[in-house]
Amino acid sequence: MSPPAGQPATRKRPPRQPALEREHSLHLLREMLRVRRFEERAAEQYSLTRIRGFLHLYIGEEAVGVGVMQALTPDDAIVATYREHGQALARGLPAASLMSEMFGKATGCSRGRGGSMHFFDISRRFYGGNAIVGGGLPIAVGLALADRLQGRRRVTACFFGDGAVAEGEFHESLNLAALWQLPVLFLCENNEYAMGTSIRDELAQPDIHLRAESYGMPAEEVDGMDVIAVETAARRAAEAVRADPGPRFLELHTYRFRAHSMADPDLYRAKGEVEHWKERDPIALFEERLRKAKLLSDDDLAAIESDIAAELDQAIATAEAAPIEPLEDLTKDVYTLVAG
Amino acid sequence: MSTVKLTYREAVRAALRHALATDERVFLMGEDVGGYGGAFAVSLGLLDEFGPDRVRNAPLSESGFVGAGIGAALGGMRPIVEVMTINFSLLALDQVVNNAATLRYMSGGQLSVPLVVRMATGGGRQMAAQHEHSLEAWYAHIPGIKALAPATVGDARGMLLAALQEPDPVFIFEHALLYPLEDEIDEEPCAVDIAHAAVRREGSDVTLVTYGGSLGKCLAAAATLAEEHGLAAEVVDLRTLRPLDTETILASLAKTHRMVIVDEGWKTGGLAGEISAQMMEQGFDLLDWPVQRVCGVEVPMPYAKHLEEAALPSAERVVAAVTEMAF
């Protein structure tokens, strides 16, 4: 069971350095664990060949998707990348619909036409699942432009990686959003690698937030392994966008513990580097913090783990039993069917 | 019914004005569409009438503002995006192919992208090899979008209004030489049918299939064929390049049994080849002569006038293609 994103109860929390509060803290921990266990089960299902195509896991980056999602309301829009399982789960897309999508089933969140990289759910304003690096940014700008033109005070949250920063669409989009003062929250998940290339070999200026500042938009660096830091910064930025439409930019420092995709032998990262980052595991860090604050017991954790295991067992069983799209629907939805 | 005399340019502007005035969701966005009035003066005056929010100058960021058009369409607007020329539109192809054309399908039918993108296409103005190719066949290749090529003043206005009623992305290719073309059309702006090709001249000896900027050349060729060779050419204006109205083309072939396809695009892998293949597949028994193609010569567009003329289809080349056939 996951509560819908951006509950009013959590929105009212003070924006700066919120004191740890038990219910919300357990919610954050549960959400991060859901993402991690979901990804582990996805990897297992991939090995069983029930999931094919590309599979990019979010393991290690959970604090970013989960933390940011706390700052968004159901009216806000999300544009994500091909590594979007964490954002989708945290936004409230049911695990079964995501698993079914990756199983290529008709009950998947994109009717089996998208797969792992293309989760969509318009009812939750989740606009993908974009697998062209940088390609989602102009769309986010357009969604925000539509809000501005229609006088709606809502935020478009646009996730992208450090690799996107080298793309022209990144610069075009930041320029447009700043020029037209559009309500976009740009969220750069800086996990240090554009697929297999270190950002030091990719970007002449690897301090990514400086790029945003050069477009005249407020930008901030955030420890993406600290879910509270992410939530706090995201709330501050989202509220700023809502209050005074104009883009804001967060550079979230994070790291993926697994390879780029299941097809990646991960030859380009030193083992020591990966181990070093694993010491900053966002889930372990938060668990430890909660235990120190006496907000988490072994029983709490066991209950959370068991709920998640049951949810994921159910999701996999549902996906397995789900029907496939009939072949006669192969060409359906290339165009909108117009009545008459 | 009262009529009005308009140029093709004024007809597009009339459609834009009508759409902006009658639908709050519509806005025009593109390079220099504001104070400059558009590179081809199509939107001249609209900024004063509708203001900078709705006649929105965009920076030179084709991918950015075409993508923003897609996003705005997802967000409930009815954007009309103007790209200066088809060569520049290549900078936005990622957004066109990977997003505009795929989002509906890839989301399992959840999204639709009611976006209209207009651009100038075609040669004949000595702009050389980076301004005036005819690449509309590339767009016609893409499932998920519709591609329109208005060849008349009436279609210039009516097809844009029809495009705005479509739930999916529509690309409109306006041949730059057509903007000064003048004609008398209905005073009342309204959408026209975009599902069918039009027979612009009836004939029984040969079918000339064409669209956009080549329609005039085909009509001129048909006149010459009638006057000098006693041949009655039927001229089919495709109007919509995707989806193709194969039925109308086949019906004409059934009358004439001979066909020449005239297209400014390069011959290899082009639209003329596609139509020719369809005639082979579906009209083989109707053919008395191999389908002929008069296309752009396979060179980057040259600057010098005599070279440019030689690189483009002409009425003379169309006449020659017909008179070489045995009747």
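Reply: What follows is a short exchange on this predicted model.

Me: What makes chain A agree with a compact globule?

Reply: Its radius of gyration. With 340 residues, a compact globule would have a value near 20 Å. Chain A has 19 Å, so the two agree. Along its principal axes, the C-alpha trace of chain A spans about 60 × 50 × 45 Å. Chain A holds 12 helices and 8 strands.

Me: Why is A:M195 called partly exposed?

Reply: Count the C-beta atoms. A:M195 has 14 others within 10 Å. Buried needs 20 or more, and exposed needs 12 or fewer. The count of 14 lies in between, so A:M195 is partly exposed.

Me: Where is A:M195, and what is its phi?

Reply: A:M195 is in the loop between β5 (193-194) and β6 (197-198) of chain A. Its phi is near 55 degrees, a positive value in a residue other than glycine. Most residues other than glycine have a negative phi.

Me: How do you know that A:D266 is partly exposed?

Reply: By that test, A:D266 has 14 other C-beta atoms within 10 Å. A:D266 sits in the loop between β8 (248-253) and α10 (271-278) of chain A.

Me: What is the omega of the peptide bond from B:R242 to B:P243?

Reply: Omega is near -5 degrees, and the bond is cis. Most peptide bonds are trans. B:P243 lies in the loop between β12 (240-242) and α9 (246-256) of chain B.

How values were computed. Residues numbered from 1 in each chain as written. Chains lettered and ligands numbered in written order. Predicted model: local features only at pLDDT ≥ 70, side-chain atom pairs only at ≥ 80, totals over all residues. Helix = DSSP H or I, 4+ residues; strand = E, 2+ residues; numbered from the N terminus. Rg over C-alpha atoms; globule rule 2.2 N^0.38 Å.
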